[in-house]
Amino acid sequence: PCTSWLADAYWDNITELDKLTNFHGLMNSFEQYPRDWHLWYTNATPEKAMLPGEWENACNEMQRMLIVRSLRQDRVAFCVTSFIVSNLGSRFVEPPVLNMKLVMEDSSPRTPLVFILSPGVDPTSALLQLAEHTGMAQRFHALSLGQGQAPIAARLLREGVSQGHWVFLANCHLSLSWMPNLDKLVEQLQVAEPHPSFRLWLSSSPHPDFPISILQASIKMTTEPPKGLKANMTRLYQLMTEAQFSRCAKPAKYKKLLFALCFFHSVLLERKKFLQLGWNIIYGFNDSDFEVSENLLSLYLDEYEETPWDALKYLIAGVNYGGHGHVTDDWDRRLLTTYINDYFCDQALSTPFHRLSVLEAYFIPKDGSLASYKEYISMLPGMDPPEAFGQHPNADVASQITEARTLFETLLSLQPQITPARAGSQSREEKVLELAADVKQKIPEMIDYEGTRKLLAMDPSPLNVVLLQEIQRYNKLMETILSSLTDLEKGIQGLIVMSTSLEEIFNCIFDAHVPPLWGKAYPSQKPLASWTRDLATRVEQFELWASRARPPVIFWLSGFTFPTGFLTAVLQSSARQNNIPVDNLSWEFIVSTVDDSNLVYPPKDGVWVRGLYLEGAGWDRKNSCLVEAEPMQLVCPMPTIHFRPTESRKKSAKGMYSCPCYYYPNRAGSSDRSSFVIGIDLRSGTMTSDHWIKRGTALLMSLD
């Protein structure tokens, strides 16, 4: 039922839930009350809304949580929080304030104190203050680890232990090769007699190679970065002194632009909560980026009569936040530029209360004292609506779903690995054998590579070369899957030894994940069942193409392991056909307005491409342009697009949004393979292209 709004995965959850004792009849309820369920599903806070029919009274708090988990994963964290509060008390959900003095009093010369770093937070200044307070400022030695610093660190430690200094070794993750030595030094502390005032402070980003024994011997602290625009702005203004605030010779300009800069910095930090819709790569922007930009701002305003917009924007967004290896992704750089253009412009100075977002709450306040700015910030909303960033309300939903998934994965990883055999219940081994047999039976037949090669021998066109490469890759993948499943069965039956790689496959299949060994052919974030179905569909496309010895009319681009190779082949064919150099060709994109069933013949030039999804926007089929997504519509299927090779290289036309297309939802890709495939120009509709840039709008070839 309810196919128009209920995704298959959610219905799968309901059918599973219906099998549990207290939930018999839940499936029928969707047939009885489809409208009520739709209302509940689209409610902003379904965890507080009335459940349809008799379910409102039939469920306790835990059972309601299961219904929320099945249909609205994005609200799970809220349910869990209130469940913990009502059963354990609120102190389990509120992070404690870090009091370094108390931590210090708990420590001894033999216990290292480790700061586990999180982006945007640097403990150095707080530690310096503590040293001042405890009279250790004269005997406090800090060193940032990195190349060539190891001997100095060892010397500081030796002196510190004998003379009673505080030694602070920052950024241990930058010196992992030296960590085993540090490990030995910490071990010696346990038996030596260090000076009673000696303390060893360390800071490190979380890293699997950080020595576990140091962690076990030490007191560990972490500070969460402040959450929300208001908290970030408050922090930046608290760090500001009166002298800094009034140092510029053009105070009217400086104070306004300083506020815009603080807002810019906070937006960049906070955008990461939108995950893939926020940034392709999560960057650790920090206070020093802000401080350098703030210095540039006052210098350049002092120096020039006219506000040097271009220089300021280039230095701040292009060099300081975007340069020196900070922002490595071109699309992320485009986003930086879009924001800085909005905040650093003539209107920011000339228009009173210049708006910093579409919402009325965020603007540059009128000139005043440092205190007046702090007061304005204290009146900002406590929770940021997504629109404050130029995001759609759906963006919150998407990131909350990911948060819930992380929670589930953590819970799964904490399960006992050995299940006690209860009467009538399956052991882990039996369950895995059953699942493995199921996967094995769904793996398609090999495609006849030799036969296809002979068939196409007369026509070595670029497209046929691509077809043969794809067949080879898929055949190799299916061979790998079948042989590893056969080995797994033998291993479980005790016929061969279970190696660590078989162990890994065993655990993956039990948790319904795709074993990493199988994921090498092409990236995907699908769980095992839908990944297996997807594989069969992919192989089918090439099986048909091979057996008919002619390409399909419409290509399913996502089915290729290397879509870029395929697109290059299309350009090469077009170049040969029209006798022009391939380098002169670029793409023109025409989105189809008719149904696929009307596309009977391949286009004269180029290819029809189907199966893309739009994330962060909807598509208006009639007017063929981008529109806002519907509530809870996280992705929207895109109509077939004509990829047409063309010689005219025109600058991206007005009213067009250059939309990045990615292979799968992880836009950053992996270290050995990028996810970005091609930029596709789409008509931006009634909104500017900047609007879609901030929305993080992109095309995806496959979903998770």
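This is a predicted model: local features need pLDDT of at least 70, side-chain atom pairs count only at pLDDT 80 or more; totals for chains, interfaces and linings use all residues.
The protein chain splits into five stretches: domain 1 (8-88), domain 2 (100-223), domain 3 (229-393), domain 4 (427-552) and domain 5 (553-703). Between the C-alpha centres of domain 2 and domain 5 the distance is 52 Å.

Start with helix H5 (residues 61-71). Its N-terminal end is capped by asparagine 60. A side-chain oxygen of asparagine 60 lies 3.1 Å from the backbone nitrogen of methionine 62. The buried residues of H5 are Gln63, Arg64, Met65, Ile67, Val68, Ser70 and Leu71. Their cover includes helix H1 (8-17), helix H2 (26-32), H3, H4 and helix H6 (76-88). In an α-helix there are 3.6 residues a turn, so residues three or four places apart point the same way.

Glutamate 47 sits in the loop between helix H3 (34-42) and helix H4 (55-58). Is this residue buried or exposed? Glutamate 47 counts as buried, because its relative accessibility is 16% and the cut-off for buried is under 20%. Its side chain makes a polar contact with the side chain of arginine 75, at 3.0 Å. Beyond its neighbours within four places in sequence, glutamate 47 is in contact with Arg64, Val68, Arg75, Phe78 and Cys79. Arg64 and Val68 are among the buried residues of H5.

Next comes helix H16 (residues 309-321). This helix has a kink of about 25 degrees, centred on leucine 315. Leucine 315 is also one of the buried residues of H16. What covers them includes H14, H15, H17 and helix H18 (346-350).

The loop between helix H14 (251-270) and helix H15 (287-303) holds isoleucine 281. Isoleucine 281 counts as partly exposed, because its relative accessibility is 28%. Leaving out residues up to four places away in sequence, isoleucine 281 touches Thr328, Asp329, Asp332 and Ala668. Methionine 179 is 102 residues from isoleucine 281 along the chain. Their C-alpha atoms are separated by 28 Å.

Now the sheet. Five strands form an open sheet in the order S12-S9-S16-S14-S15, and the pairing is mixed. At the edges are strand S12 (635-637) and strand S15 (676-683), each pairing on one side only. From one strand to the next, the twist averages 30 degrees. Helix H17 (residues 330-343) packs on this sheet and touches strand S14 (656-662) and S15. The direction of H17 makes about 145 degrees with that of S14.

How do strand S9 (residues 613-615) and strand S16 (residues 698-700) pair, in the parallel or the antiparallel sense? They pair in the antiparallel sense, over three bridges. Leucine 614 has leucine 699 in S16 as its bridge partner. Strands of a sheet pair through backbone hydrogen bonds, either parallel or antiparallel.

The last stop is helix H25 (residues 528-548), which contains threonine 532. Threonine 532 counts as buried, because its relative accessibility is 3%. Not counting residues up to four places away in sequence, threonine 532 touches Val439, Lys442 and Ile443.

Note on methods:
Residues are numbered from 1 along each chain as its sequence is written. Side-chain values use heavy atoms; hydrogens and water are left out. Helices (H or I, at least four residues) and strands (E, at least two) are DSSP runs, numbered from the N terminus. Buried means under 20% relative accessible area, exposed over 50%, partly exposed in between (1.4 Å probe, protein chains only). A polar contact is a pair of N or O atoms within 3.5 Å; within protein, one must be able to donate a hydrogen and the other to accept it, and residues adjacent in sequence count only if both atoms are side-chain atoms. Contact means heavy atoms within 4.5 Å. Two strands pair if DSSP finds at least two bridges between them. Axes are lines fitted to C-alpha atoms, for helices over the stretch in contact, and angles run from 0 to 180 degrees between N-to-C directions. The bend at a residue is the angle between axes fitted to the seven residues ending there and the seven starting there. Domain bounds come from an automatic or database domain assignment.
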